[in-house]
Amino acid sequence: MNNALRITAFAAALAATFGTAYGVGRGLDPLVAAEDRPAQRHAGHGAGEEGGGRMGPGHVAGGLQTSDGGYTLALETPTIRAGARTEIRFVITDDNGRTVTDCRREHGKELHFILASSDLTEFRHLHPVRAADGTWATPVDLPEAGGYRAFADFTPAAEGAENLTLGADLAVSGMYRPAAPPAPRATAEVDGYRVALDGELRAGRGGELKLTVSRNGRPVTDLQPYLGAYGHLVALRSGDLAYLHVHSNEGGPGPAVSFAATAPSAGTYRLFLDFRHEGKVRTAAFTVRVAPEKGAAEPQESGTGKSGAHAH
């Protein structure tokens with residue numbers, strides 16, 4: 001089964017270790033060119049289940065808007081305190097103001113909830129629980145203060161509804177120490193695992209990313225499925241935090257997991273790979289630079305982590 005690629009936007013967020021011990025490795029280097037992939041309209045969890053949805057030239061990353069397609073993400077806890085375990089609560093409403101109480105299950109869940117920091121040094125992929133009245137809730141402990149972006153990735157159960165990723169700002173109070181994204185490296189280390197990245201993320205053109213997992217110098221050949229795939233990859237663009245959610249291509253269970261992906265533009269991106277081994281989910285993180293398309297100008301990177309456009 002081809003798992004889908006998706007791009008959303010990450011605009012400001014910091015995340016710490018939550019639930020199943022998430023370790024965040026660092027690094028990434030220039031990637032080797034990969035074969036072009038056809039572009040399609042969607043870039044979400046559900047998009048591409050039957051063909052691998054990809055972001056093509058001219059498409060804008062999603063997740064930058066709080067409202068889209070008649071649906072709105074409303075955080076009931078828009079401010080929390082750093083270092084305190086807190087329950088984040090939110091609802092999704094439709095264009096009539098009614099709370100959405102039913103979503104399609106995709107990759108084992110009705111909704112995927114992601115938090116990321118504006119400096120892209122922290123990341124969290126969570127799965128909140130929905131109450132009967134449509135209120136979603138998840139506990140989280142964010143150790144660092146600053147601006148965060150929260151993303152709800154879902155497909156309403158309504159007939160004809162498309163996959164959406166909506167974003168909202170989350171403020172975490174406390175002492176804030178901004179940081180620059182780590183320098184590019186070709187490998188990342190997390191909990192004794194080494195993850196090597198090969199391939200190229202390209203602006204407006206499809207490419208293949210391959211991540212290979214090893215431990216103690218030996219390839220890991222028994223990765224376990226996580227949410228229906230052997231790996232989940234999210235790419236966030238520095239500046240406005242435009243977001244690609246990329247699911248693995250057919251294959252597995254390791255040591256290599258490949259992904260089809262297209263960057264919406266040139267710039268610096270952080271890649272976060274979730275993989276599961278021996279019952280635990282870990283996250284390896286990389287930094288990668290995407291060159292401009294031929295004849296295109298290099299975009300300016302802002303430090304606000306904010307943007308106002310969203311599309312699939």
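I take strands as DSSP runs of E of at least two residues, and helices as runs of H or I of at least four, both numbered from the N terminus. I call two strands paired if DSSP finds at least two bridges between them.

**Entry 1: ground rules.** I am working on a predicted model, in which local features need pLDDT of at least 70 and side-chain atom pairs count only at pLDDT 80 or more, while totals for chains, interfaces and linings use all residues. Residues are numbered from 1 along each chain as its sequence is written, and side-chain values use heavy atoms, with hydrogens and water left out.

**Entry 2: whole chain.** I looked up the secondary structure and found 20 strands and zero helices. For burial I use relative accessible area with a 1.4 Å probe and protein chains only: buried is under 20%, exposed is over 50%, and partly exposed is in between. Of the 312 residues in the chain, 55% are buried. The chain exposes about 12,300 Å², and carbon and sulfur atoms supply 47% of that area; the areas come from the Shrake-Rupley method with a 1.4 Å probe. I also checked contacts, meaning heavy atoms within 4.5 Å. Among those between residues at least 6 apart in sequence, 73% join residues at least 24 apart.

**Entry 3: the antiparallel sheet.** I traced an open sheet of five strands in the order β2-β3-β5-β9-β8, with antiparallel pairing. Its edge strands are β2 (67–68) and β8 (129–130), each of which pairs on one side only. Inside the sheet I followed β5 (residues 86–93) against β9 (residues 136–140), an antiparallel pair with five bridges. Arginine 89 has alanine 137 in β9 as its bridge partner.

**Entry 4: the mixed sheet.** I found another open sheet of five strands, ordered β4-β11-β10-β6-β7, with mixed pairing. The edges are β4 (79–81) and β7 (123–126); each has a single partner strand, so one side of each has no neighbour in the sheet. On average, neighbouring strands of this sheet are turned by 25 degrees against each other, direction ignored; the axes are lines fitted to C-alpha atoms, and angles run from 0 to 180 degrees between N-to-C directions. I then looked at β10 (residues 146–154) and β11 (residues 164–173), which run antiparallel and are joined by nine bridges. Arginine 149 has its bridge partner, aspartate 169, in β11.

**Entry 5: histidine 112.** I located histidine 112 in strand β6 (residues 111–117). At 1% relative accessibility, histidine 112 is buried. I count a polar contact as a pair of N or O atoms within 3.5 Å; within protein, one must be able to donate a hydrogen and the other to accept it, and residues adjacent in sequence count only if both atoms are side-chain atoms. The side chain of histidine 112 makes such a contact with the side chain of histidine 125 at 3.1 Å. That of histidine 112 also reaches the backbone oxygen of glutamate 106 at 3.1 Å.

**Entry 6: cores.** I take a nonpolar core as a set of buried Ala, Val, Leu, Ile, Met, Phe, Trp, Tyr and Cys residues joined through side-chain atoms within 4.5 Å. The largest one has 28 residues, of which Leu201, Leu271 and Phe275 touch the most other members. Strands that each supply at least two residues of this core include β12 (187–190), β13 (193–199), β19 (267–277) and β20 (280–290). A second, separate core has 27 residues, among them Ile80, Ala150, Leu164 and Leu166.

**Entry 7: β19 and β20.** These two strands pair in the antiparallel sense over 11 bridges. Leucine 271 stands opposite phenylalanine 286 in β20. The strands β19 and β20 form a hairpin with two residues between them, and glutamate 278 in the turn has a positive phi of about 55 degrees. Nine of the 11 residues of β20 are buried, so the rest of the structure largely encloses this strand.

**Entry 8: backbone exceptions.** Most residues other than glycine have a negative phi, and most peptide bonds are trans. Asparagine 216 has a positive phi of about 55 degrees although it is not a glycine; I placed asparagine 216 in the loop between β14 (207–215) and β15 (218–219). Leucine 227, also not a glycine, has a positive phi of about 55 degrees and sits in the loop between β15 and β16 (232–237). Asparagine 216 is exposed at 70% relative accessible area, whereas leucine 227 is buried at 14% relative accessibility. The peptide bond from glycine 254 to proline 255 is cis, with omega near 5 degrees. I found proline 255 in the loop between β17 (242–247) and β18 (256–261).
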